[in-house]
Amino acid sequence: MINAIKTELKHFRKNGELWLLALPGALFFIVFNYIPLYGLILPFKNYNGAKGFWDSPWAGLNNFKYLFSGDAWRITRNTVAFNSVFIALGLVAAVAFALILFEMSARFVKLYQTILFIPYFLSWVVASYIGSSLLDMNFGMLNRIIEALGGEGKAWYVEPAYWYVILPLASLWKGVGYSTIIYYTSLMGVDPELYEAAELDGASRWQQIRAISLPMLKPLMIMLTLMSVGGIIKSDFGLFFSFTLDSKPLYPVTDVIDTYVYRALRKLGDVGMSSAAGLYQSLVGFVLVLASNWLVKRVDPDNALF
Amino acid sequence: MAGARGERSRQARQPKRRGGLAILPLHALLGGFCLLCLIPLLLVAAISLTPESLLKSGGYTLFPKAWSTAAYEYTFRNYAQIVRSYGITISVTAVGAVMGLFCTTSIAYVISRPYFRYRRFLSFFIFFTMLFYGGLTPTYLLVTKTLHLKDSLLALILPSVMQGWYVILMKGFLQSLPNSIVESAKIDGARELSIFARIVVPISRPGMITVGLFLMLQYWNDWYSSLLYIDDQNLVSLQFLLYKLMASIEFFKVMAQMAPGSIRIDPLSIPTLGARMAMCIVAAGPMVLIFVFMQKYFVRGITIGSIKG
């Protein structure tokens with residue numbers, strides 16, 4: 001009996017030290033991830049900076065009524081539509097590049113992989129410099145080329161329609177290196193005997209890709225895609241804000257939930273509106289993550305997040 | 001770690017597949033795309049080295065008719081601002097990455113211990129932060145109104161010290177270490193804290209380098225926090241400086257006249273087009289090169305992190 005208590009105490013002491021180790025990190029999570037959960041209530045208040053959160057009057061659903069009678073559809077559509085394109089384009093390009101890399105000698109793999117990966121290290125602000133060197137109306141290289149070919153220079157930062165193409169390309173440029181690495185590494189892990197056997201049976205490279213490589217990549221493709229679908233309501237703020245130079249004429253196309261929340265908060269100082277849009281995004285995002293995880297679990301339980 | 005990835009030793013033995021599919025078109029395709037990725041980067045460098053007059057008359061081009069370092073000479077006249085911004089970015093990155101690395105490694109160690117009683121609870125506690133986000137607005141009010149960190153470098157550091165994803169990544173690393181070392185130390189009666197400090201930290205160096213680099217990349221490239229929390233001209237980090245420079249060319253001129261020790265110059269004579277790109281290269285170039293040089297650590301993090309840790 002006494003021994004049992006002793007071991008229990010010993011156990012507790014050991015766990016105590018582990019708790020101590022976990023404490024600093026846990027504190028950061030509590031302050032910056034758990035306390036902001038009061039954002040669940042914030043949009044139902046008529047927030048007043050002078051009164052503070054607790055003493056501000058209740059607003060009922062007014063903030064949401066406002067949001068859904070106006071901008072909600074536009075920013076949701078932009079967010080989801082662009083993210084869908086990014087996901088599809090990124091998937092196809094990354095798998096294709098990984099398959100191509102797989103055919104190449106180590107030297108070229110290293111070279112191509114390095115180049116593809118460079119944009120990942122650039123911030124969207126730096127990327128906006130790169131974008132403007134191409135797209136600047138007066139000096140940009142693209143307009144120079146168009147003019148040299150006898151066309152007329154375009155006002156890239158004014159005409160929204162162009163950005164249906166520009167944004168996916170920018171997203172691809174910045175992100176494809178990252179996902180190519182994932183798929184390429186996965187291909188490297190495929191048992192080489194499969195390919196040797198296929199070779200002996202006279203399968204062409206193309207047949208090997210279709211019969212071995214692609215099926216081997218399939219679980220990863222499904223899993224990564226489902227995971228990005230879980231995040232389809234969150235957008236890359238830098239891409240839509242900085243890379244577009246926050247150009248107002250482009251808003252009909254480039255305004256997404258994240259830029260909307262930012263603008264409502266920092267430019268308009270409208271806490272109610274921005275927190276309502278933020279909560280809407282968080283809730284939809286949460287449901288989507290749960291749903292996509294449920295799907296991943298059905299496809300491949302090993303890869304489910306939880 | 002899941003199946004496909006477990007076969008690391010195979011990689012070394014696998015003979016490289018060559019030939020077969022006509023390799024040249026593949027080089028053309030991938031090489032072409034890589035070239036398209038690189039050209040804009042080279043263009044920025046070329047613009048920074050083109051005389052302003054040529055830029056104004058002929059626009060941006062990869063191969064200007066003449067070269068000039070005037071834009072850099074001009075940019076370095078603002079050395080005071082550049083040095084200050086480098087100082088701010090370096091301090092924020094150093095403090096943030098060290099804090100993040102310490103907190104991430106220690107909490108990841110705790111949830112990687114199979115004998116930790118509250119392991120499931122703590123894991124979920126961390127995991128939940130990846131599932132649900134309170135939102136920008138409450139975070140902003142917390143940082144500015146409750147913590148009073150507006151115009152403080154702490155506002156750039158503290159909110160992003162902990163990222164659930166890095167904890168999961170680090171836990172993956174720690175779980176891949178041989179457990180026997182820790183077990184035998186425990187049998188020898190070593191305490192958890194000293195096991196962590198004397199054994200775990202030294203042997204998990206590769207994992208810590210990877211997570212540390214991700215943290216450094218995150219802090220180095222962060223301009224969004226500055227956009228939210230920094231109004232003070234004296235606290236402008238490198239990325240935020242670039243953002244402001246892009247957002248308004250006027251800022252450049254103002255800065256030129258504020259810079260101590262610089263000669264007052266006619267704003268119209270400032271090589272704004274070239275100098276902007278020169279500033280971009282001076283501010284972003286060196287660190288990007290370092291990150292590219294360290295890419296193998298990032299690659300390791302990506303491959304371990306993609307299959308959950």
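Which residues in α10(A) meet which residues in α14(A)? From α10(A) come A:Ile222, A:Met223, A:Leu226, A:Met227, A:Val229 and A:Gly230. They meet A:Leu288, A:Val289, A:Ser292, A:Asn293, A:Leu295, A:Val296 and A:Val299 of α14(A). This contact divides into 10 nonpolar residues, three polar and no charged. The model is predicted.

The geometry of this pair is as follows. Helix α10 of chain A (residues 205-230) and helix α14 of chain A (residues 271-299) pack at about 165 degrees, and their axes lie 8 Å apart. Because angles over 145 degrees count as roughly antiparallel, α10(A) is roughly antiparallel to α14(A). The crossing of α10(A) past α14(A) is right-handed.

Chain A also contacts chain B: 79 residues of chain A touch 85 residues of chain B. Helix α1 of chain A (residues 2-34) gives the largest share of chain A's side, 13 residues. That side divides as tabulated here.

| Class on the side of chain A that touches chain B | Count |
|---|---|
| Nonpolar | 52 residues |
| Polar | 20 residues |

Two helices of chain B follow. Helix α13 of chain B has 16 residues (205-220), so at 1.5 Å a residue it should span 22 Å. Its end C-alpha atoms are 21 Å apart, which agrees. Buried residues in α13(B) include B:Met208, B:Phe214, B:Tyr219 and B:Trp220.

Helix α15 of chain B (residues 238-247) is largely enclosed by the rest of the structure, because nine of its 10 residues are buried. Among them are B:Gln239, B:Phe240, B:Tyr243 and B:Lys244.

Notes
Residues numbered from 1 in each chain as written. Chains lettered and ligands numbered in written order. Predicted model: local features only at pLDDT ≥ 70, side-chain atom pairs only at ≥ 80, totals over all residues. Helix = DSSP H or I, 4+ residues; strand = E, 2+ residues; numbered from the N terminus. Expected span 1.5 Å × (residues − 1). Buried ≥ 20, exposed ≤ 12 C-beta atoms within 10 Å, placed from the backbone. Axes fitted to C-alpha atoms, helices over the stretch in contact; angles between N-to-C directions. Parallel < 35°, antiparallel > 145°, perpendicular 65-115°, else oblique. Left-handed = near helix turned anticlockwise from the far one by under 90°. Contact = placed C-beta atoms within 7 Å. Nonpolar A, V, L, I, M, F, W, Y, C, P; charged D, E, K, R; others polar.
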